[in-house]
Amino acid sequence: MTAASIIDLEEVKRELAARAAALGFAAIGVAHIEIPEDERHLLAWLAAGYHGEMDYMERHGVMRSRPQQLAPGTVRVVSARMDYWPEGSAAPEAVLADGALGYVSRYALGRDYHKILRRALATLAQQLAQRIGPFGYRVCVDSAPVLEKALARNAGLGWIGKHTNLIARDAGSYFFLGEILTDLALPVDERASAHCGTCEACIPACPTGAIVAPYRLDARRCISYLTIEHHSAIPVELRPAIGNRIFGCDDCQLVCPWNKFARAAAHPDFKVRHNLDTKELTELFRWTETQWEERMRGSAIHRLGFECFSRNVAVALGNAPTCPEVIRVLEDRREDASPLVREHVEWALKRQRALSGQAPHRDA
């Protein structure tokens, strides 16, 4: 006889919610595993090539929409939400307006959320196992092949907005999602209804036009994709629109009216580290790889690697207000060991000299 057959699953769910709140989660919900509508959307998105270089999206295929393939025996998904807005950080609009600064998406200003969420979800599951006995489960954060937004919507945590992010009526969209796939047949929650209405503020707000239609994102044009997931040269025609965004982009969320309800992060590890909310691009480009490793270790940015980080900063320097210091730091890395970085440096120098009216140097 399994634990699930001799316990009150309604009571288990209430206990899960209480324990989740104590661990820093803002809300949890439970969903069925069937999401056929979202599976069709995923396959159409992949067929259109919107995933770009994210080959793993295609490789995992329908496993993303069938959690029982990822964790055999799964009958329910517990979806959990944790707020990440870093209280006291510099106003994002002010940073974006100052081309001398590097803009980092608000979710990445603190410590790496993957470890924080995974640890909290594992603790939640372990506490429950101590209470009811062993049961089957697998903890997932967004690095696992799971359609987390669709499952969170079905668990009642919010609806998928026209920018494809999850939105909650009481919390906006500045939160992380994590899941526990389980063989416990917990009572399911009601699917969240959508409340975007006629609002489409997010669509024209995208600097590169990546939201090609409501609820449809072409990742190949998305600045978050280009600065994080894309590891080769950034398309030249998109570089000017990237502006000073060096890791991710929040523009579609910044204009969303539901984010007036966004909550500051309760977890202390989401506070800003190393003043990354107001760092000058020239300072960032002077960091050696050793310095970068020391400062970015433990951050979501560390997953990007020093080479691609340097590529991103070079693009932002090309878009920065022209001044001798910008030219100087770019010149200092013209002989960078990375061909990828060198190419972006040359582009940035050419653009800076065009802005300043200088004659080109060498082969710039």
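Student: Which residues of helix 15 are called buried?

Tutor: In helix 15 (residues 324–332), they are Val 326, Ile 327, Val 329 and Leu 330. Buried means under 20% relative accessible area, exposed means over 50%, and partly exposed is in between (1.4 Å probe, protein chains only). Helices (H or I, at least four residues) and strands (E, at least two) are DSSP runs, numbered from the N terminus.

Student: What makes the buried residues of helix 15 line one face?

Tutor: Looking down the axis of helix 15, its buried residues fall within an arc of 165°, so they line one face of the helix. That arc is taken from the directions from the helix axis to the C-beta atoms. On the face turned away from the buried side sit the exposed residues Pro 324 and Asp 332.

Student: Why is Ile 211 called buried?

Tutor: Its relative accessible area is 6%, and the cut-off is under 20%, so Ile 211 counts as buried. Ile 211 lies in strand 8. Not counting residues up to four places away in sequence, Ile 211 touches several residues, including Lys 162, His 163, Cys 202 and Cys 252. Contact here means heavy atoms within 4.5 Å.

Student: What makes Asn 275 exposed?

Tutor: Asn 275 has a relative accessible area of 51%; the limit is over 50%, so Asn 275 is exposed. Asn 275 also has a positive phi, of about 55°, without being a glycine.

Student: Which residues touch the most other members of the largest nonpolar core?

Tutor: Of its 100 residues, Tyr 107, Phe 270 and Ile 301 do. A nonpolar core is a set of buried Ala, Val, Leu, Ile, Met, Phe, Trp, Tyr and Cys residues joined through side-chain atoms within 4.5 Å. Helix 6 (residues 113–132) gives the most to this core, with 9 residues.

Student: Why is the protein chain called as compact as a globular protein of its length?

Tutor: First, the secondary structure comes to 16 helices and 10 strands. The radius of gyration is 22 Å, close to the 21 Å that the globule rule gives for 364 residues, so the chain is as compact as a globular protein of that length. That radius is taken over C-alpha atoms, and the rule is 2.2 Å times the number of residues to the power 0.38.

Student: Where does pLDDT stay under 50?

Tutor: Over residues 359–364. pLDDT is the predictor's confidence in each residue, from 0 to 100. Where it is low, the predicted coordinates should not be read in detail. The mean pLDDT of the protein chain is 95, and 97% of its residues reach 70 or more.

Key
Residues are numbered from 1 along each chain as its sequence is written. This is a predicted model: local features need pLDDT of at least 70, side-chain atom pairs count only at pLDDT 80 or more; totals for chains, interfaces and linings use all residues. Side-chain values use heavy atoms; hydrogens and water are left out.
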